[in-house]
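Subject: Handing over the model

Hi,

Here is the structure I promised to pass on. Have a look below, and then read on for what turned up in it.

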Amino acid sequence: QESWKILQYYWMNILEINFRKATEKDIKFIVKCIIAAEKNNSKIFSYNTIFGLEEKSAYKFISKMLLMKVDGCELSITSYIIATYKKKPIGAMGAWIEPIEGIPSKTIKGNLLFKVVPKENLLKSRNILNLLNKLYIDYVKDSMCVGITYIDERYRGLGILKMLLDNQARKLFSNNGKKDVYVQVFSNNTQAIKAYEKLGFLTIKISETKNENILKYLPSNKKFLMKKMNSNE
């Protein structure tokens with residue numbers, strides 16, 4: 001294991017991979033990351049299935065929400081750390097401390113969607129809210145929540161996920177003290193689950209529905225809440 005760590009850092013130095021806070025210049029890349037995360041290793045794109053938005057339209061609305069810079073959810077540019085190779089973005093992670101000023105991330109995200117997504121598209125989601133809520137898991141209060149993670153396939157397996165997580169922790173814990181870290185993952189994304197498990201995450205809660213109609217809107221009928229365990233847990 002120690003040899004693997006040495007090899008990882010060796011490759012990181014050769015590849016000139018660096019990490020920084022996101023800027024407005026990263027909008028296109030972050031939207032790409034969000035869309036990939038929403039598809040979650042499937043052909044299901046929730047902005048289309050839930051709101052009736054084609055990918056081009058969703059791209060425009062997600063960009064607009066990011067530029068509003070409202071802290072506290074995955075739709076804020078300020079939530080993101082960017083991994084770069086030779087100054088070009090190759091990975092991103094959106095994370096925040098839950099809640100922001102006492103407002104839950106689900107409320108913040110809902111308000112952003114309400115402000116940006118056309119009313120007729122929002123109305124399409126009303127009839128399926130009860131079904132979608134069967135898989136909903138609240139983020140844990142007073143914790144670091146990982147909302148969106150994406151790494152270019154060409155650079156996976158090099159320890160970039162861990163470094164993104166470490167950089168987010170340094171950014172978010174500096175003024176808040178050390179917090180527990182959580183991530184939510186759909187069950188079909190086995191690659192992500194294994195990657196988080198290697199970093200010490202364990203599944204502490206499972207949300208599941210037997211109603212297969214949900215697969216028309218989301219990539220899985222089961223979702224995991226994973227927590228990064230400390231060495232003494």
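This is a predicted model: local features need pLDDT of at least 70, side-chain atom pairs count only at pLDDT 80 or more; totals for chains, interfaces and linings use all residues.

Residues are numbered from 1 along each chain as its sequence is written, and side-chain values use heavy atoms, with hydrogens and water left out.

Back to D71, which sits in the loop between α4 (55-67) and β2 (80-85). Helices (H or I, at least four residues) and strands (E, at least two) are DSSP runs, numbered from the N terminus. With a relative accessible area of 39%, D71 is partly exposed; buried means under 20%, exposed over 50%, and partly exposed in between (1.4 Å probe, protein chains only). D71 and N189 are 118 residues apart along the chain, and their C-alpha atoms are separated by 27 Å.

The chain as a whole

The protein chain has nine helices and seven strands. Its radius of gyration is 18 Å, close to the 17 Å that the globule rule gives for 233 residues, so the chain is as compact as a globular protein of that length. That radius is taken over C-alpha atoms, and the rule is 2.2 Å times the number of residues to the power 0.38. Along the principal axes, the C-alpha atoms fill a box of roughly 55 × 40 × 35 Å.

Of the 233 residues, 47% count as buried. If you take the contacts between residues at least 6 apart in sequence, 75% of them join residues at least 24 apart. The chain exposes about 13,100 Å², and carbon and sulfur atoms supply 51% of that area; the areas come from the Shrake-Rupley method with a 1.4 Å probe, and for residues only the protein chains shown count as cover.

For the charges, Lys and Arg count as positive and Asp and Glu as negative, while His and the chain ends are not counted. Each charge is placed at NZ of Lys, CZ of Arg, CG of Asp or CD of Glu. The mean positions of the 39 positive and 22 negative charges are 3 Å apart.

The strands

I would look at β5 (residues 181-186) next. Six of its six residues are buried, so β5 is largely enclosed by the rest of the structure. V181, V183 and V185 point one way from the strand, and Y182, Q184 and F186 point the other way.

How do the neighbouring strands pair? Two strands pair if DSSP finds at least two bridges between them. On one side, β4 (residues 143-151) and β5 run in the parallel sense over three bridges, with C145 opposite Y182. β5 also pairs with β7 (residues 222-228), in the antiparallel sense over five bridges, and there V185 stands opposite F224.

You can follow the pairing onward from both partners. β4 is mostly covered, with seven of its nine residues buried, and it pairs with β3 (residues 88-98) in the antiparallel sense over eight bridges; A95 is opposite V146 in that pair. Five of the seven residues of β7 are buried, so β7 is largely enclosed by the rest of the structure. Its pairing with β6 (residues 201-208) is antiparallel over seven bridges, and S207 stands opposite K223.

Backbone details

Most residues other than glycine have a negative phi, and most peptide bonds are trans.

- A cis peptide bond joins E98 and P99, with omega about -10°; P99 lies in the loop between β3 and α5 (105-116).
- N40, in the loop between α2 (27-39) and α3 (46-51), has a positive phi near 50°. N40 counts as buried at 9% relative accessibility.
- K69 is not a glycine either, yet its phi is positive at about 55°. K69 lies in the loop between α4 and β2 and is partly exposed, with a relative accessible area of 41%.

Technical notes: Contact means heavy atoms within 4.5 Å.
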